[in-house]
Amino acid sequence: MSMPSSSVSATGDLPVVRLKPKANARAIRHGFPWVYDNELVTDRRTKALTPGTLAILEDDNRAPIGLVATNSQSKIFCRMLDRDVTTLVDQAWFEAKFAYALAMRERLYDTPYYRLIHAEADGLPGVVVDRFGDTAVIQPNAAWADARLDMMVAALAKVTGVSTILMNGSGRARSLEGLEEHSAVMLGTAPEAPVPVVMNGATYMADLTGGQKTGLFYDQRPNHGFVAGLCKDAKVLDVFSHVGGFSLAALAGGASEAMAVDGSAAALELAQAGAAAAGVAERFTTRKGDAFEVLTALAEEGAQFDVVICDPPAFAPSKPALEKGLRAYERVARLAAPLVAEGGYLGLCSCSHAADVARFRGASLRGIGRAGRQAQLLHTGFAGPDHPLMPQLAESGYLKSLIFRL
């Protein structure tokens, strides 16, 4: 893998990129990690930088702000790597980042199943690493990281001791960076079967090679646990279930029965395998189909549940999609609320960056109201602590989970 020359250069050889006078240098100095393409003085030299090249960011008075990774193909032209412009981004630098992140996860979790690197919030912009025992899945969703993948893999193996590292190069984030979709086995051999992961007493089957994103969503773990605490002897419906996130946790929490609804047959098969592994298969059913159509059909059938959870994909992944996304969240709430028995519980989740918790809560309450129901809000949940929030970057706190009693 060819390396951009700047990654091994002395500081004096690094190119310089400069903010326009109107750009908010103070926000960047106070921790905002991105510089957009319209905030920079862009000349032919700047535009010719190879995506992934490191550079020194200066303000309009030529005072250095930090060491950045550049990508002329992306709206996010610069990503902050280090405030010290003399820093050398080498394997030792990556090892220090991984070791710092690992120390917190080992304190939080008894077993090595967690998100190890949560991009900007863990000091590695655009990089996601999820750990599944002695296997790690890495998503280098920024050009600078993609170009230094071999170095990252070596550092990750050294710090964590994992024997297998898979690279998952799929998804919207890579296309926004001008990177092609590509997946590979970087170390060891890919697992031939789904990997069992135990959380909240439930067993989940993670498909690390063919599944969504890295194979399993760790972010909902605390919200699964909260809902499970409401589910003793309850009849539960889990819509947009993926591999059974809420339904399998509910069964572990003592639910009398649970139904998982998803559009993916492969995800539902993994959910059934998880139920079997946990010994709860006889209380678990699945229903494949479009979630909106299934919710409508269940209402027509007169179905009622004690707990209904809807955890859809991102309906508002960007600001232009916000209004349309909020209408979709309102529709989910309107269709789900009639299925909740009197005094039962409705959980509504959003993983949309663009919809903040207030807008999402408003859309959810409009939908509940349009269904003719009244609600108490019991719990507002976010991603688990292995998905730390970078306070300066709202996008790092994307997950919202609202639990209502109707």
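Which residue just after H8 takes a positive phi? Gly254 does, with a phi of about 100 degrees. The model is predicted, so local features need pLDDT of at least 70, side-chain atom pairs count only at pLDDT 80 or more, and totals for chains, interfaces and linings use all residues. Residues are numbered from 1 along each chain as its sequence is written, and side-chain values use heavy atoms, with hydrogens and water left out. Helices (H or I, at least four residues) and strands (E, at least two) are DSSP runs numbered from the N terminus.

**Helices H3 and H5**

- Helix H3 (residues 91-108) and helix H5 (residues 149-160) have axes that come within 8 Å and cross at roughly 45 degrees. H3 is therefore oblique to H5; angles under 35 degrees count as roughly parallel, over 145 as roughly antiparallel, 65 to 115 as roughly perpendicular and the rest as oblique.
- Axes are lines fitted to C-alpha atoms, for helices over the stretch in contact, with angles running from 0 to 180 degrees between N-to-C directions.
- The H3 side of the contact (heavy atoms within 4.5 Å) consists of Gln91, Phe94, Glu95, Phe98, Ala99 and Leu102. From H5 come Met151, Met152, Ala154, Ala155, Leu156, Lys158, Val159 and Thr160.
- By class, ten residues of this contact are nonpolar, two are polar and two are charged. Ala, Val, Leu, Ile, Met, Phe, Trp, Tyr, Cys and Pro count as nonpolar, Asp, Glu, Lys and Arg as charged, and the others, Gly among them, as polar.

**Buried positions**

- In helix H8 (residues 245-252), seven of the eight residues are buried, so the helix is largely enclosed by the rest of the structure. Buried means under 20% relative accessible area, exposed over 50%, and partly exposed in between (1.4 Å probe, protein chains only).
- The buried residues of H8 are Gly245, Phe246, Ser247, Leu248, Ala249, Ala250 and Leu251.
- Ala143 lies in helix H4 (residues 143-147) and counts as buried because its relative accessibility is 4%.
- Leaving aside neighbours within four places in sequence, Ala143 is in contact with Pro51, Gly52, Asn71, Glu177 and Leu179.

**Aromatic pairs**

- Twelve aromatic pairs are found in the whole structure. Rings of Phe, Tyr and Trp (its six-membered ring) pair if their centres lie within 6.5 Å; planes under 30 degrees apart count as stacked, over 60 as edge-to-face and the rest as tilted.
- One of these pairs, Phe32 and Trp34, is edge-to-face, at 6.2 Å centre to centre with 75 degrees between the planes. Trp34 counts as buried, at 10% relative accessibility.
- A cluster of Phe240, Phe292, Phe315, Tyr329 and Phe360 is linked by ring pairs.
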